[in-house]
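Here is a short briefing on one protein model. Please look over the sequence and the structure before reading on.

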Amino acid sequence: VQFCEQLPTFDVTLLLSVHHHWHHAFGAAAAAIMLRSMVEKSRKVVVFEGPSRSSRYESDIPDFPDNDEDAVLAYYDSYLRNTVGDLASDIRRLGKAASVGQREPYRWIYAIVL
């Protein structure tokens, strides 16, 4: 995946509700590479938000039940640590934000601190 090569570096990068679209359009492996690339282009922090419904991924669906808070957190904690943990000084949960309604009442937001 070469989409980041021409991007400048940023102090703060917001990846809010975009990762699962990459995942669907390009596959799980490419989405992980894209996330790493965005983290590498950032100098201070990447703010990452992922859906609480695994079905939002539409393909290569992650293994967590929709809206099961413990399972959602376990998935993203592990995914972020395994995907970009070597690039970060800290990966911390910032909290959950209201989402698109009753089918998905929240999305967890993380700070990937560099």
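Predicted model: local features only at pLDDT ≥ 70, side-chain atom pairs only at ≥ 80, totals over all residues.

Residues are numbered from 1 along each chain as its sequence is written, and side-chain values use heavy atoms, leaving out hydrogens and water.

**Confidence**

- The mean pLDDT of the protein is 92, where pLDDT is the predictor's confidence in each residue, from 0 to 100.
- A pLDDT of 70 or more is reached by 97% of the residues.
- Confidence is highest in α3, at a mean of 97, and lowest in β3, at 90.
- Helices (H or I, at least four residues) and strands (E, at least two) are DSSP runs, numbered from the N terminus.

**The sheet**

- An open sheet is formed by 4 strands, in the order β1-β2-β4-β3, with mixed pairing.
- Its edge strands, β1 (10-16) and β3 (90-101), each pair on one side only; two strands pair if DSSP finds at least two bridges between them.
- From one strand to the next, the twist averages 15 degrees.
- β1 and β2 run parallel and are joined by 6 bridges. T13 has V46 in β2 as its bridge partner.
- β3 and β4 pair in the antiparallel sense, over 9 bridges. R93 has Y110 in β4 as its bridge partner.
- A hairpin of 2 residues links β3 to β4.

**The helix on the sheet**

- Which helix packs on the sheet? Helix α2 (residues 28-40) does, touching β1, β2 and β4 (104-113). Contact means heavy atoms within 4.5 Å.
- The direction of α2 makes about 145 degrees with that of β2. Axes are lines fitted to C-alpha atoms, for helices over the stretch in contact, and angles run from 0 to 180 degrees between N-to-C directions.

**Two loop residues**

- S54 sits in the loop between β2 (42-51) and α3 (69-84).
- Is S54 buried or exposed? S54 is buried, because its relative accessible area is 8%. Buried means under 20%, exposed over 50%, and partly exposed in between (1.4 Å probe, protein chains only).
- Beyond its neighbours within four places in sequence, S54 contacts I61, P62, F64 and D66.
- G85 lies in the loop between α3 and β3. G85 is partly exposed, with a relative accessible area of 26%.
- Not counting residues up to four places away in sequence, G85 touches L80 and I91.
- G85 and V39 are 46 residues apart in sequence, and 10 Å apart in space, C-alpha to C-alpha.
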